[in-house]
Amino acid sequence: MSLAYFWIFIFLLASGMPVVFALLVGPGLSLVIDGQEQFFTALMSRLYNGIDSFPLMAVPFFILAGEIMNSGGITTSIVRFSQSMLGHLRGGLAQVNILSSLLLAGLSGSAVADASAIGKMLIPSMAENGYTRRFAAAVTAAAAIIGPIIPPSGIMIIYAFVMNVSVGGLFAAGIVPGLMIAVGLMIMTSYLARVRNYPVANRKATWGERGAAFKGSFLALLTPVILLGGILVGVFTPTEAASVAAAYALVVALFVLRTLTFKQLPAIFAAVAVQSGVILLLVGAGVTFAWLVTVSGMGESIATGMLALTDNVLLLLLLVNLFLFGVGMFLDAGPAILILGPVLAPVFVGLGVDPLHFAVVMCVNLTVGLATPPMGLVLFVTSSISGEKVETIAWEMMPFLAIEVVVIFLITFFPALTMTLPRMMGFA
Amino acid sequence: MTITVLERMIAALARLNAAVCGAGRHVAAALLAVMTFAVLVQIVFRYVFNNSLSWSEELAKVMMVWATMLVAPWAYRMGANVSIDLFAEALPARLRAVLGFVLNLLVVWIVWIFLIESVALWQRGADTLSATLPVKMSVFYAILPLGFGGMLAVGVELSLRQIAQFLNPARSYAVPASHVPVADA
């Protein structure tokens with residue numbers, strides 16, 4: 001089987017064909033060119049089996065949980081709690097933004113949803129309190145990418161499904177990098193706040209007020225405990241945990257906070273159907289494409305090519321990070337994982353890199369790509385909320401991006417940072 | 001003259017597709033609710049009644065495949081699928097229109113291939129029984145020809161719109177925007 005499909009795919013992708021169709025047309029045309037139309041049947045069954053998966057079902061459940069939390073005022077309670085803790089610092093609202101993203105990351109698995117939920121609340125109020133809109137948008141974008149790094153994570157579920165690594169293990173491996181990014185962003189913010197003399201918006205909240213704010217967000221903050229506790233202890237599969245999270249959010253929003261009504265539910269489910277339908281069909285197409293990558297022997301030729309460059313694992317990891325960062329500028333994390341995971345991961349596993357370690361490096365790197373121009377969904381969201389241009393926000397984000405790049409390199413070259421938690425929990 | 005005929009064809013196809021795609025999205029939403037319920041029931045039965053259900057997982061999976069295929073025509077029609085438009089946008093408008101037309105024809109072609117293959121899969125499914133539910137696999141597979149059929153109709157509509165746009169650049173033939181927000185991971 002020739003490698004024509006890959007070049008056709010690249011051409012179609014660059015020409016602007018939707019990724020999901022390029023993943024199918026590339027292999028399809030290539031089979032016609034090679035006169036192997038009998039394999040069309042195999043393409044069809046790969047596509048079906050690529051979607052027909054119980055582990056993958058965590059994706060729609062997490063999207064559902066996120067939608068319910070955002071429309072049910074759960075985000076508001078989290079921002080209020082962050083405000084009571086950090087609002088009094090210089091640059092306090094920026095710190096509140098980062099802490100809210102970190103806390104929300106434990107409930108949501110999507111950077112775009114986090115950027116939109118937190119951006120809508122905090123970008124306007126940051127602008128009112130003396131921050132530039134571009135800085136407010138940049139902090140939001142930089143912090144939102146913590147969402148899919150701290151579990152739960154839609155991107156990690158997709159990686160785990162396609163590459164057959166443990167979801168629980170990958171979730172556990174993401175906790176430390178997510179915290180490192182959050183702390184790094186906070187340190188950078190506090191430095192910028194001093195240099196640029198950002199305002200102090202609030203007086204320091206008393207511990208009584210903090211207690212009240214904590215109580216208000218307690219039910220929301222309990223979600224990650226149920227979720228991760230359930231998965232890591234082994235009570236639930238990740239999919240079951242995701243469905244419990246969705247049900248829990250629904251009960252809290254409908255009956256406890258009473259911020260959601262039954263009337264809103266059909267619209268929520270319709271929005272979830274669209275979002276998850278788009279992603280799941282993409283996963284199905286990705287699985288179809290990955291099958292051709294395997295049977296065509298493409299993996300081996302890429303491995304040979306890379307090893308001809310150098311057989312130094314550390315150097316190869318550096319190169320692959322630069323490559324993924326470049327890819328992340330043009331492609332979403334999900335499609336990039338579907339296309340490149342099956343090509344790259346076996347090379348590094350063959351060189352002795354732990355599959356989980358490579359997985360977390362790839363996921364974090366491509367997640368940061370969600371906030372790099374010219375193609376960055378998180379930048380698009382913050383741009384539309386703030387009214388600032390994507391380029392302006394990207395430029396303002398440079399100091400934060402630098403932090404995130406440093407974290408990518410730290411977790412690449414110090415595997416203990418990511419691997420200790422999964423090892424302690426028995427995943428690796 | 002040709003343009004009026006073309007416009008009528010587009011209008012007729014648009015009415016059909018808008019209705020089918022809209023209905024598909026709503027049914028998909030309902031199926032997702034069923035899917036969520038099935039998995040929750042499974043957990044309750046395992047922990048509360050100490051009884052592992054055999055059928056809930058398969059039912060939930062089928063609901064997910066169905067929901068995905070039901071949304072696919074809508075997503076295709078509304079341009080909700082992710083693409084890299086950066087390079088195409090740098091091309092001159094005329095060239096970009098031609099490129100867009102050729103790309104869409106390729107999509108129509110692959111959807112046609114998958115439609116044929118899905119009919120074959122559906123027919124083969126008549127001989128196999130589901131592992132845990134009392135139905136033939138063909139019932140599960142039936143959504144595939146429906147989904148690809150819907151996408152084919154959308155693909156033809158989009159192609160006609162592109163031709164009309166080429167013949168009459170003064171008017172916009174784009175699919176009317178939807179009020180449903182689109183976002184993804």
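The side chain of Ser296(A) reaches the backbone oxygen of Leu292(A) at 2.7 Å. The side chain of Ser296(A) also reaches the backbone oxygen of Val293(A), at 3.3 Å. A polar contact here is a pair of N or O atoms within 3.5 Å; within protein, one must be able to donate a hydrogen and the other to accept it, and residues adjacent in sequence count only if both atoms are side-chain atoms. The model is predicted: local features need pLDDT of at least 70, side-chain atom pairs count only at pLDDT 80 or more, and totals for chains, interfaces and linings use all residues. Residues are numbered from 1 along each chain as its sequence is written, chains are lettered from A and ligands numbered from 1 in the order in which they are written, and side-chain values use heavy atoms, with hydrogens and water left out.

Ser296(A) sits in the loop between α13 (265-295) and α14 (298-309) of chain A. Helices (H or I, at least four residues) and strands (E, at least two) are DSSP runs, numbered from the N terminus. Ser296(A) counts as buried because its relative accessibility is 13%. Buried means under 20% relative accessible area, exposed over 50%, and partly exposed in between (1.4 Å probe, protein chains only).

Leaving aside neighbours within four places in sequence, Gly91(A) is in contact with Tyr131(A), Thr189(A), Ala193(A), Tyr198(A) and Pro199(A). Contact means heavy atoms within 4.5 Å. Between Gly91(A) and Pro199(A) lie 108 residues in sequence, but 5.8 Å in space, C-alpha to C-alpha.

Chain B has 6 helices and 0 strands. From the N terminus on, its elements run α-α-α-α-α-α. The C-alpha trace of chain B spans about 70 × 35 × 30 Å along its principal axes. The radius of gyration of chain B is 20 Å, whereas a compact globule of 185 residues would have one near 16 Å. This radius is taken over C-alpha atoms, and the globule rule is 2.2 Å times the number of residues to the power 0.38.

Of the 185 residues in chain B, 46% are buried. Among contacts in chain B with a separation of 6 or more, 72% join residues 24 or more positions apart. Chain B exposes about 9200 Å², and carbon and sulfur atoms supply 70% of that area. Accessible areas come from the Shrake-Rupley method with a 1.4 Å probe; for residues, only the protein chains shown count as cover.
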